[in-house]
Amino acid sequence: MSIYLIYYYYSNSQYFVNTSNIPIITSMQFKDTPYWSTLQPIIASGAMEAAINGNYHYPYRINLYPGTSCMFSCHFCNRNYDFVVRDSDNVFSQVIEQDDGSDKHRFGVTGGLEPLTSPYIGKICKDLHDGGYVSRLVTNGFLLNDKMLRKNPYINSLDNIRVSLYGMDHKETVATTKHAKGYEVVKQNLTNYNKRKDRTLLYLNYVLLSENIGKLNTILEYMIDIGGADSISLREDHSFRYNVDDRNKLQDALLKFDEKVKKYYRIKVDYGYGLQNAMNGLDVPLVQVTHKELNYTQAPQIKVCLDPHGDIFSYMDAGFVGRHGVKRYCLGNVTNSSLEEQLKKMRKIKPQKQDPAYLDAYNHLIQKYIHLNSK
Ligand code: SF4
């Protein structure tokens, strides 16, 4: 028996109501939502219009996915746990060199798999530094140790390092990552990192799974234990698993947390779209699309990711090298070529039912916006 759910979206005293057994927002005015701060610069750059019209436009954002493996096996991760990249060339430096440098925020180093496993991580960071880019490294922190930083000093030339935390204690970390030493190693690495004179900005990110709502305050204790952080971001689990009861608990917990942070801590907390909505008491899941709302050209005009083999993807969760089924979404390969040359081919892929599983939260938002503005 299906459960009948009602989802509301509030905007300028109007309620858009979707009564459906599928929790999808069907109409919204983005200008009045937390999503607008993401969408507005993309629209201003001209990339959104090109994506809506299906015309070529050099990517507004490029995520480099240099990781060759990952030591964690997070239960919600979409990667192929058995896959390891061997003997790949450095496809990333070439792409940085081919960029015209007109947007210093174009590149991010993230995953895909864990970026610090790449033999080219030092060179990639140096190239970004030499090009004057303002880039971020997103890592699980397991390899962020003194040896790694001694060998690859340009990691600290990046604008910031964002460490994704998968647990606030040993038990939670093991339950999420299946790694027996994950909690202790990452915490020690971050404690040591904070003592370095050459450290760059350290951001902590914690994905709040529904079963951990009650433990929200522990992120503040963790931050103090490691000697501080420059920013904290909290994110909703993008597998969209919160039910209505969880959302009520979540709102209470977030409001109390926010009050405590403002009163006692001098740190910026970024709640992301989903948790901002939850704090405002809006029973809306993160924006998501079905395959019927996807277009044939995806949206490489807005963002692409690049895997260690040089394959280009617009759907961020298709960039997990070795993940089953991702070749279908590949938009080209930069080896002996360039992003521009490959993307100008404007590869068309007919959407299929399984496609949304390869989109991240950003992709869902962009595809929804394109769909609503393509009529
Ligand atoms: S979510 Fe990140 S850290 Fe966890 S298994 Fe996947 S790639 Fe590794």
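The secondary structure of this protein, seen here as a predicted model, comes to twelve helices and twelve strands. Its radius of gyration is 20 Å, close to the 21 Å that the globule rule gives for 375 residues, so the protein is as compact as a globular protein of that length. Along the principal axes, the C-alpha atoms fill a box of roughly 55 × 50 × 40 Å. Of the 375 residues, 40% count as buried. Among contacts between residues at least 6 apart in sequence, 73% join residues that are at least 24 apart.

Once its neighbours within four places in sequence are left aside, Leu64 is in contact with Phe92, Phe107, Gly108, Val109, Ile124 and Leu306.

Leu64 belongs to strand β3, which covers residues 61–64 and runs parallel to β10, joined to it by four bridges. At one of the pairings, Arg61 stands opposite Lys303 in β10. Further along, Asn63 has Cys305 as its bridge partner in β10. Strand β3 also pairs with strand β4, residues 107–109, in the parallel sense over three bridges. Here the bridge partner of Asn63 in β4 is Gly108. Asn63 therefore has a bridge partner in each of two strands, Cys305 in β10 and Gly108 in β4, as DSSP bridges define the pairing of strands.

Strand β10, residues 303–306, is covered on both faces. Lys303 and Cys305 are buried on one side, and Val304 and Leu306 are buried on the other. Besides its parallel pairing with β3, β10 is joined by two bridges to strand β11, residues 311–313, and these two run antiparallel. The bridge partner of Leu306 in β11 is Ile312. Strands β10 and β11 form a hairpin with four residues between the strands, and in this hairpin Gly310 takes a positive phi near 90°.

The next stop is the ligand. Around the ligand stand Cys70, Phe72, Ser73, Cys74, Cys77, Arg79, Gly111, Leu113, Glu114 and Asn140. This shell divides into five nonpolar, three polar and two charged residues. Gly111, one of the shell residues, is joined to Gly112 by a cis peptide bond, with omega about 10°. Gly112 lies in the loop between β4 and α4, the latter spanning residues 121–130.

Other loops also hold backbone features. Asp87 has a positive phi of about 55° although it is not a glycine. Asp87 is found in the loop between β3 and α3, residues 92–98, and it counts as exposed because 7 other C-beta atoms lie within 10 Å. Met346, likewise not a glycine, has a positive phi of about 50°. The place of Met346 is the loop between α11, residues 339–343, and α12, residues 361–372. With 16 C-beta neighbours inside 10 Å, Met346 counts as partly exposed.

Leu209 is also a loop residue, placed between β7 and α8, residues 218–226. Leu209 counts as buried because it has 21 C-beta neighbours inside 10 Å, where the cut-off for a buried residue is 20 or more. Leu209 and Glu236 are 27 residues apart in sequence, yet their C-alpha atoms are 7.0 Å apart in space.

After α10 comes Gly281, whose phi is positive, near 75°.

How values were computed. Residues numbered from 1 in each chain as written. Predicted model: local features only at pLDDT ≥ 70, side-chain atom pairs only at ≥ 80, totals over all residues. Near = placed C-beta within 6 Å. Nonpolar A, V, L, I, M, F, W, Y, C, P; charged D, E, K, R; others polar. Contact = placed C-beta atoms within 7 Å. Rg over C-alpha atoms; globule rule 2.2 N^0.38 Å. Buried ≥ 20, exposed ≤ 12 C-beta atoms within 10 Å, placed from the backbone.
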